[in-house]
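Let's read this model together, one feature at a time.

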Amino acid sequence: MRRLCNMVRYAFIIVLNVFIMLVFHSYVNLILLVGLILFPFYSIYGIHKVKESFTLRIVAPDENMERGSRFYLHFFVKNSTWFPVVNATLKLKVGNQFYQEEGIHYLNLPIRAKKETEVVYPVIMDYSGCFRISSESICLVDLLGIYEVTIPINVEAECLVFPGGKERNQEAGKIYMQGVAEAMESREKGYDFSEVSGIREYIPGDKLQNIHWKLSVKKDELMVKERVSVSAMQLNVLVELANDKDMCLESVLELTDSITKAFVMQNLPFTIYYYSTNMGELKGCYIGNEIERIQWLEMLLYDRCYEDAGLAEEMFFKQNLAARSYLYIGHALEDAAAGNIISGEKRAAAVLRG
């Protein structure tokens with residue numbers, strides 16, 4: 001409709017110029033008429049030349065951003081021809097990979113002749129995750145606005161946005177020491193703090209408690225479970241990445257960021273687990289310093305959340321990792337004993353279990 005209106009207006013200008021030329025017998029209007037007739041061909045030809053030569057780059061920040069903070073995307077459009085384009089519309093797909101959300105945005109930008117045009121696009125993320133932006137196409141409109149061409153173009157960029165949890169050093173340190181104390185108490189009562197790393201044939205001197213009786217009956221010979229000792233002087237942390245319509249998971253991520261940051265600041269090592277949707281399994285990472293914590297958080301945000309509440313804890317129990325005290329971070333569905341819980345926003349909570 002807009003193009004039709006532009007064509008009607010341009011035709012009216014030509015007719016008006018012809019009328020003035022005939023009434024006043026003006027050679028100036030004759031020259032102007034020739035220009036008005038030839039200009040559309042020039043304009044359309046220029047669009048096709050720009051189509052063949054222009055390039056697009058999208059640059060996102062290299063460093064990780066924090067949720068709620070402003071950061072900038074830079075769009076660089078290079079046109080190596082002498083034909084400018086004053087009306088170009090870039091179709092963008094913008095999404096958060098972690099929350100599996102996508103939307104379409106349109107960005108209008110000029111394309112200067114023989115130059116690289118930079119457009120700065122401010123972004124504020126309300127939710128943490130992997131922010132990803134990609135171009136789908138660009139629509140170029142000629143100078144008269146009567147002809148347009150759409151070009152498919154695939155360029156993308158991404159940036160990680162961290163939860164930015166607040167300081168919880170005192171609460172985190174207290175619940176850590178309480179969890180370790182309970183683990184030590186369990187060891188004194190005779191619980192085995194080791195994990196099975198393999199199975200082999202029995203060697204005289206092996207402990208009877210390590211014999212795999214079911215497998216021994218099947219093979220008709222004694223088989224022994226090889227174990228790797230696990231220190232009780234560290235805490236297991238389990239993060240549940242289940243999301244709901246109220247986006248409570250964002251509060252869980254913020255609480256996780258606060259607690260793990262506090263552990264690292266106080267030199268309290270821990271092993272953290274979460275269910276990886278990309279891998280289809282429970283992932284565990286030992287965290288002993290801030291670099292390892294950041295790398296783990298980046299890996300988590302490149303993953304995806306899920307809807308099944310309790311999925312991570314179910315996998316945690318299946319792997320017998322809940323045999324000793326652990327810190328569960330997720331949606332609080334039941335009351336916990338005083339001192340065994342750190343409450344976050346909405347229904348998020350870190351609860352000491354085991």
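Q: Is His 25 buried or exposed?

A: His 25 is exposed, with a relative accessible area of 66%; buried means under 20% relative accessible area, exposed over 50%, and partly exposed in between, using a 1.4 Å probe and protein chains only. Keep in mind that this is a predicted model, where local features need pLDDT of at least 70 and side-chain atom pairs count only at pLDDT 80 or more, while totals for chains, interfaces and linings use all residues. Residues are numbered from 1 along each chain as its sequence is written, and side-chain values use heavy atoms, leaving out hydrogens and water.

Q: Where is His 25 found?

A: His 25 belongs to the loop between helix H1 (2–24) and helix H2 (27–53). Helices (H or I, at least four residues) and strands (E, at least two) are DSSP runs, numbered from the N terminus. The protein chain has seven helices and 17 strands.

Q: What should I look for in the phi angles?

A: Most residues other than glycine have a negative phi. Here, His 25 has a positive phi, near 50°. Lys 114 also has a positive value, near 55°. Lys 114 is found in the loop between strand S5 (101–111) and S6, and is partly exposed at 44% relative accessible area.

Q: How do strands of a sheet pair?

A: They pair through backbone hydrogen bonds, either parallel or antiparallel. The working rule is that two strands pair if DSSP finds at least two bridges between them. In this model, three strands make an open sheet ordered S1-S3-S6, with antiparallel pairing. Strand S1 (55–59) and strand S6 (115–124) each have a single partner strand, so one side of each is left without a neighbour in the sheet. From one strand to the next, the twist averages 20°; angles run from 0 to 180 degrees between N-to-C directions, and axes are lines fitted to C-alpha atoms, for helices over the stretch in contact.

Q: Which residue of S6 stands opposite Phe 75?

A: That's Val 119. Strand S3 (residues 70–79) and S6 pair in the antiparallel sense over 10 bridges. Val 119 is buried at 15% relative accessible area. Leaving out residues up to four places away in sequence, Val 119 touches Leu 73, His 74, Phe 75, Leu 107 and Leu 109, where contact means heavy atoms within 4.5 Å. Val 119 and Phe 76 are 43 residues apart along the chain, yet their C-alpha atoms are separated by 6.6 Å.

Q: What is the strand order in the open sheet of six strands?

A: The order is S14-S13-S12-S15-S17-S16, with mixed pairing. Strand S14 (281–287) and strand S16 (341–343) stand at the edges. S16 and strand S17 (residues 348–353) pair in the antiparallel sense over three bridges, and Ile 342 has Ala 350 in S17 as its bridge partner. Helix H7 (residues 311–318) packs on this sheet, touching S12, S13, S14, strand S15 (326–331) and S17, and its direction makes about 140° with that of S12. Helix H6 (residues 290–301) lies across strand S12 (235–239), strand S13 (270–276) and S14, running at about 160° to S14.

Q: Where do nonpolar side chains tend to be?

A: In soluble globular proteins, they tend to be buried together. A nonpolar core is a set of buried Ala, Val, Leu, Ile, Met, Phe, Trp, Tyr and Cys residues joined through side-chain atoms within 4.5 Å. The largest one here has 51 residues, of which Leu 241, Ile 259, Phe 263, Trp 296 and Leu 327 touch the most other members. Helix H5 (residues 249–265) gives the most to this core, with eight residues. Apart from it lies another core of 35 residues, among them Val 50, Met 65, Ile 151 and Val 161.
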